[in-house]
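The structure and its sequence come first.

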Amino acid sequence: MGRSWSRRSRVRGQQVRFWVSRSEGETLTIGAELARTLAPDGVLLLWGELGCGKTVLTRGLAQGLGFERREIQSPTYTLIHEYERSGTRFVHADLFRLEPEQVATLGLEEVLAGPGLKVVEWADRLPFPVAGALRLRILVGASGERRIEEIDEP
Ligand SMILES: Nc1ncnc2c1ncn2[C@@H]1O[C@H](COP(=O)(O)OP(=O)(O)OP(=O)(O)O)[C@@H](O)[C@H]1O
Ligand SMILES: [Mg+2]
């Protein structure tokens, strides 16, 4: 299940959380749990290589908010997907194809400051900082397990 651990950050000395997921289902559960802490208006920024599970985690968040997780597509052509249901708002952006200069033209800074739970895949493309965001990196381990950890650098 979505059990989390924490360790002391080498960079700033505070506790940072991490999770280990051994299946897509476990990552969905971790996402659903994160949704509870980030709702209604939080921001989650995601780092991690192609296929590490950013979209799976995003679907878990959406499911935690009460959306049908299959509704949440990988936003390949549309860069920002916005979902709304009975007053709950969910925004999913995927910046993979973009350069930071292009991201600056999307109006994403306003969207991330606005209402709803917002998730950004490929957050390394963001040309601006997002105050108060939860920042997570997903790493793929030797036996395919995913380590999802809070990023502690400033
Ligand atoms: N523990 C795990 N957690 C999440 N996904 C897993 C896990 N183990 C295997 N997988 C598989 O890894 C793939 C993750 O795909 P996903 O689209 O979520 O990656 P992504 O990081 O969004 O990729 P992209 O950078 O292309 O957007 C899925 O096929 C999923 O089934
Ligand atoms: Mg993806």
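Leu45 stands opposite Val120 in E6. The two strands concerned, E3 (residues 43-47) and E6 (residues 117-121), run parallel and are joined by four bridges. The model is predicted, and the points below are grouped by topic.

**The sheet**
- Eight strands make up an open sheet with mixed pairing, and their order is E1-E2-E8-E7-E3-E6-E5-E4.
- Strand E1 (4-8) and strand E4 (80-85) are the edge strands, each of which pairs on one side only.
- From one strand to the next, the twist averages 20 degrees.

**Pairings of E8**
- E2 pairs with E8 in the antiparallel sense, over four bridges.
- Within that pairing, Trp19 is the residue opposite Ile148 in E8.
- E7 and E8 also run antiparallel, joined by five bridges.
- Ile148 in E8 is the bridge partner of Ile138, and Ile148 also stands opposite Trp19.
- The hairpin of E7 and E8 has five residues between its strands, and Gly144 in this hairpin takes a positive phi near 90 degrees.

**Helix H1**
- H1 has 15 residues and spans 21 Å from its first C-alpha to its last, close to the 21 Å expected at 1.5 Å a residue.
- This helix lies across strand E2 (15-21), E3, E6, strand E7 (134-140) and strand E8 (146-150), and runs at about 150 degrees to E2.
- Its buried residues are Glu26, Thr27, Leu28, Ile30, Gly31, Leu34, Ala35 and Leu38.
- Those buried residues pack against E2, E3, E6, E7 and E8, and also against H2.
- An α-helix has 3.6 residues a turn, so residues three or four places apart point the same way.
- Thr27, Ile30, Leu34 and Leu38 are among the buried residues of H1.

**Helix H2**
- H2 packs on the sheet, where it touches E3, strand E5 (88-94), E6 and E7.
- The direction of H2 makes about 175 degrees with that of E6.

**Around ligand 1**
- Ligand 1 is surrounded by 19 residues, of which Thr27, Gly53, Lys54, Thr55 and Val56 are the closest.
- Helix H1 (24-38) and helix H2 (54-64) are the elements that give two or more residues to this shell.
- By class, the shell holds four nonpolar, nine polar and six charged residues.

Note on methods. Residues numbered from 1 in each chain as written. Chains lettered and ligands numbered in written order. Predicted model: local features only at pLDDT ≥ 70, side-chain atom pairs only at ≥ 80, totals over all residues. Near = placed C-beta within 6 Å. Nonpolar A, V, L, I, M, F, W, Y, C, P; charged D, E, K, R; others polar. Pairing = 2+ DSSP bridges. Axes fitted to C-alpha atoms, helices over the stretch in contact; angles between N-to-C directions. Contact = placed C-beta atoms within 7 Å. Expected span 1.5 Å × (residues − 1). Buried ≥ 20, exposed ≤ 12 C-beta atoms within 10 Å, placed from the backbone.
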